Amino acid sequence: VMERMLDERHAREFLELVRYEAQRAGLEPQLVLAVIDVESGFRKYAVSKAGARGYMQVMPFWVRLIGMPGQNLFHPRTNLRYGCVILRHYLEIERGNLHNALGRYNGSLGRPEYPDRVLRALRGHWTPGA
C-alpha cells in the first residue's frame, strides 16, 4: 500500500480505516486489502465498465438497497464500509466458503479466475510470512 499512496501518513490512515471497517464487518483486514488490490489497484476514483466505484468497486445499486440516498461511493470510509458489509453478506450466504463469496462479490460465481486472483494476492502480498 505504501508505494501506491502519496505519502506515508496517508497510507497509514488508509490502512487504519481498512482495519477498522474490516473488523467491524468481521473480516480479516488482509483479505480486504487483497480485494482492493485486485478490484481497483488502490485507485480511489476507479470506475469499472459496469459502473462499480472506488477502492472496493461497489455498484451504485447497493446505495439504494442498503444505504441512504446521496452517499458517495468514492468517499473512502463509505466505500470500504459498503464493500466489507457486502463481502460479509456473501460469506454468510456461502456459509463461510470464501471462494464462492468472492465470486459473488465480483459477479462471477462459478468461474474461478477472480477468486483465484484475490487469493493469490492475499497469499503473495497481504499475508505476513507467506
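**Briefing: an all-helix model and its pockets**

About 170 Å³ of space lies in the second largest pocket of this protein. The model is predicted. The protein has six helices and zero strands. The largest pocket has a volume of about 250 Å³.

**Overall fold**

- Along the sequence, the elements follow the pattern α-α-α-α-α-α.
- The radius of gyration is 14 Å, close to the 14 Å that the globule rule gives for 130 residues, so the protein is as compact as a globular protein of that length.
- The C-alpha trace spans about 40 × 35 × 30 Å along its principal axes.

**Second largest pocket**

- Its lining consists of I66, G67, M68, Q71, H75, R77, T78, R81, Y82 and V85.
- Helix α4 gives the most to this lining, with five residues.
- By class, the lining of the second largest pocket has four nonpolar, four polar and two charged residues.
- R77 and R81 are among the residues that line this pocket.

**Largest pocket**

- The largest pocket is lined by 16 residues.
- Nearest its centre lie Q57, M59, Y105, N106 and G107.
- Three helices, α3 (61–66), α4 (76–93) and α5 (98–106), each supply at least two residues of the lining of the largest pocket.
- Among the contributors, α5 gives the most to the lining of the largest pocket, with three residues.
- The lining of the largest pocket divides into ten nonpolar, four polar and two charged residues.

**Packing of α1 on α2**

- Two packed helices are described by the angle between their axes and the distance between the axes.
- Helix α1 (residues 8–24) and helix α2 (residues 29–40) pack at an angle of about 115°.
- The axes of α1 and α2 are 8 Å apart.
- The crossing of α1 and α2 is right-handed.
- On the α1 side, F14, L15, V18, R19, A22 and Q23 make the contact.
- On the α2 side, the contact is made by P29, V32, L33 and I36.
- By class, the contact of α1 with α2 has eight nonpolar, one polar and one charged residues.

How values were computed
Residues numbered from 1 in each chain as written. Predicted model: local features only at pLDDT ≥ 70, side-chain atom pairs only at ≥ 80, totals over all residues. Heavy atoms only, no water. Axes fitted to C-alpha atoms, helices over the stretch in contact; angles between N-to-C directions. Helix = DSSP H or I, 4+ residues; strand = E, 2+ residues; numbered from the N terminus. Left-handed = near helix turned anticlockwise from the far one by under 90°. Contact = heavy atoms within 4.5 Å. Nonpolar A, V, L, I, M, F, W, Y, C, P; charged D, E, K, R; others polar. 1 Å grid on protein atoms, 1.4 Å probe; cavity = no way out; pocket = protein on both sides within 12 Å on 5 of 7 lines; lining within 4 Å. Points joined across faces, edges and corners; volume = space filled by probe spheres on them. Rg over C-alpha atoms; globule rule 2.2 N^0.38 Å.
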